[in-house]
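Thank you all for coming. Before I say anything, please take a moment to look at the sequence and the model, which I am putting up now.

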Amino acid sequence: MAAITAPPAPPPASTSCRLLRRRAPLIRFAASSSSSSSSPSSRFRSSSSSFPGAAGSSSNSSGGGGEILHVSPPPPPAAPPGAPVYVTLPADAVGPGGRVARRRAMGASLAALAAAGVAGVAVELWWGVVERHRPGEYDWAGYLELAAMARRHGLRVRAILAFHQCGAGPHDPPWIPLPQWVLEEMDKIPDLSYTNRYQKRNKEYISLGCDILPVLKGRSPMQAYSDFMRSFRNTFEDYLGAIVTEVQVGMGPGGELRYPSCPTEKLNQPGSSFELGEFQCYDKFMQASLSARAKIFGLQEWGNGGSTGTDGSQQNLEETSFFRADGGYWDTPYGHFFLEWYSGMLLLHGERLCMTADAIFSGTGVTISGKVAGIHWHYYTCSHPSELTAGYYNTLLRDGYLPIAQMFAKYKAALCCGCFDLRDVERTNSESSPEGTLRHLAGAAKMCNIPLNGENSVTRLDDASLNQVIRSSRLYSGRTSGTSFSFNYVRMNKSLFEFHNWNRFTKFVRQMSDARAFLARLYVRRGQQYLSSMSVVWVVSRACAYT
């Protein structure tokens with residue numbers, strides 16, 4: 001669908017946004033908006049307007065944040081208490097056939113992790129594996145076996161309900177697509193896929209525009225997700241609360257609450273630091289929602305297409321009429337209208353999933369959580385284009401992460417985010433700031449008093465990145481209000497058990513865990529044998545060789 005023509009760009013503001021581009025990263029606190037203007041322009045400029053339609057939602061959980069008060073972040077505590085460390089298992093820990101892959105290696109690896117003082121493991125439970133045959137038929141056998149193995153070694157389990165695809169294709173192992181019957185429906189109805197303005201489809205995750213429509217053989221995507229969660233709860237009933245202590249609900253591509261503005265595999269490439277991304281609102285379901293939203297405000301011409309003035313192929317945001325600092329459409333009434341709708345749809349999707357998970361897992365003793373992406377490429381710009389296209393309405397003038405944290409807090413959900421291992425000095429783009437992005441996310445979690453789960457963005461075990469994780473963890477640890485912090489190391493592979501890497505990792509766990517008991521020797525329950533940490537590496541390497 002062709003993009004509409006937006007109103008002419010306004011003249012530059014009296015205070016140029018360019019002068020603010022190098023402002024140090026700030027924690028943004030939202031004040032309540034007292035504006036009651038009935039004009040469309042004032043309503044679109046107000047960052048406290050809520051997105052209608054979320055059941056039980058309040059304005060502070062789905063809207064923006066009003067006037068922004070810039071203050072310096074509080075200093076980190078001098079002596080933070082220990083934070084438990086979890087290790088994410090390989091994505092193909094349970095293979096496409098639904099069985100544990102490399103059982104002997106997995107058993108030896110779990111024993112080694114327990115010896116290192118790791119609190120538990122995180123494991124993705126793939127929709128494309130569990131419900132692969134037909135709708136409503138679930139195969140949990142491989143994941144039940146993993147949970148039993150973790151219990152034998154005294155490890156907790158964080159279950160990640162993965163409703164997205166893994167990998168870029170069969171050429172990119174491990175490759176785990178959506179269930180075949182879902183892909184067949186997406187082939188019949190291409191608009192079930194996220195679509196950009198060039199009509200390029202993305203099948204990583206079903207478009208949130210059809211969340212409540214019966215497009216999956218009589219069920220809506222939300223009903224399919226709900227049935228999956230309920231089956232998981234019933235199957236793992238004996239593990240919930242004791243072994244399975246947290247359920248992270250997948251909310252989008254890569255399991256994150258975001259649009260696929262850039263394909264997930266591109267986000268981990270070096271050149272991603274210059275990607276502006278593309279708005280994903282051109283399937284017919286998203287277009288219908290945009291049109292209905294425009295009619296509500298009597299501005300039907302603003303609902304006849306997607307955003308205008310954007311070009312994701314451009315790496316210089318100043319060459320786009322939507323994202324440029326001065327006079328960009330992002331800071332016009334039209335821009336406010338479009339971005340509030342676009343981010344509001346994402347927030348509504350997250351709220352639906354949190355509401356469902358909260359109802360299903362209530363009383364089981366598990367914590368629910370969701371993940372927010374660390375999109376840091378243009379954090380030091382005015383418009384933050386890569387965040388806007390991902391669905392985070394976060395700019396120099398508006399806090400886009402506080403509404404997400406407020407929504408999580410409403411359902412007592414933990415927030416998971418990456419960037420803990422990244423340093424600004426490593427960036428290839430001067431407009432990027434992973435540390436600033438992390439401070440912003442951690443600040444939002446603190447304000448809402450919710451648990452925070454940190455992750456590394458790159459799988460590496462060098463001293464610099466591990467020390468950065470320890471420093472970053474102090475942004476949130478040391479809380480006395482009942483909230484908690486933990487860290488997921490992403491992810492376990494053979495190199496983790498190489499002697500020099502294993503020594504670094506065990507030292508890291510010891511530093512993070514602080515007062516937690518660190519096991520210097522491996523206790524093998526069967527046979528009552530004890531192995532040195534060097535023997536742990538040998539056992540794992542031999543187990544890998546035998547599988």
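Let me start with a question: with which residue does R219 form a salt bridge? The partner is D227, and the closest N and O atoms of the pair are 2.8 Å apart, where a salt bridge is taken to be a side-chain nitrogen of Lys or Arg within 4 Å of a carboxyl oxygen of Asp or Glu. R219 is buried, with a relative accessible area of 14%, whereas D227 is partly exposed at 26%; buried here stands for under 20% relative accessible area, exposed for over 50%, and partly exposed for what lies in between, with a 1.4 Å probe and protein chains only.

A word on where this comes from. This is a predicted model, in which local features need pLDDT of at least 70 and side-chain atom pairs count only at pLDDT 80 or more, while totals for chains, interfaces and linings use all residues. Residues are numbered from 1 along each chain as its sequence is written, and side-chain values use heavy atoms, with hydrogens and water left out.

Searching the whole structure gives 25 salt bridges, and I would like to show you a few of them. One of these joins R99 to D139, with the closest N and O atoms 3.3 Å apart. Because R99 sits in the loop between β3 (85-88) and α3 (103-115), and D139 in the loop between α4 (127-130) and α5 (141-152), this pair ties together parts that are 40 residues apart in sequence. Helices here are DSSP runs of H or I with at least four residues, strands are runs of E with at least two, and both are numbered from the N terminus. R99 is partly exposed, at 42% relative accessibility, while D139 is buried, at 17%.

Another salt bridge is formed by the side chains of E145 and R103, at 2.9 Å from N to O. E145 belongs to helix α5 and R103 to helix α3, so this pair ties together parts that are 42 residues apart in sequence. E145 is partly exposed at 27%, and R103 is partly exposed at 42%. There is also a network of salt bridges, which links D421, R423, E426, R460 and D462.

Finally, please turn to helix α13, residues 434-448, whose 15 residues reach 21 Å from the first C-alpha to the last, close to the 21 Å expected at 1.5 Å a residue, the expected span being 1.5 Å times one less than the number of residues. This helix is mostly covered, with 11 of its 15 residues buried, including L438, L441 and C448. After α13 comes N449, whose phi is positive, near 60°.
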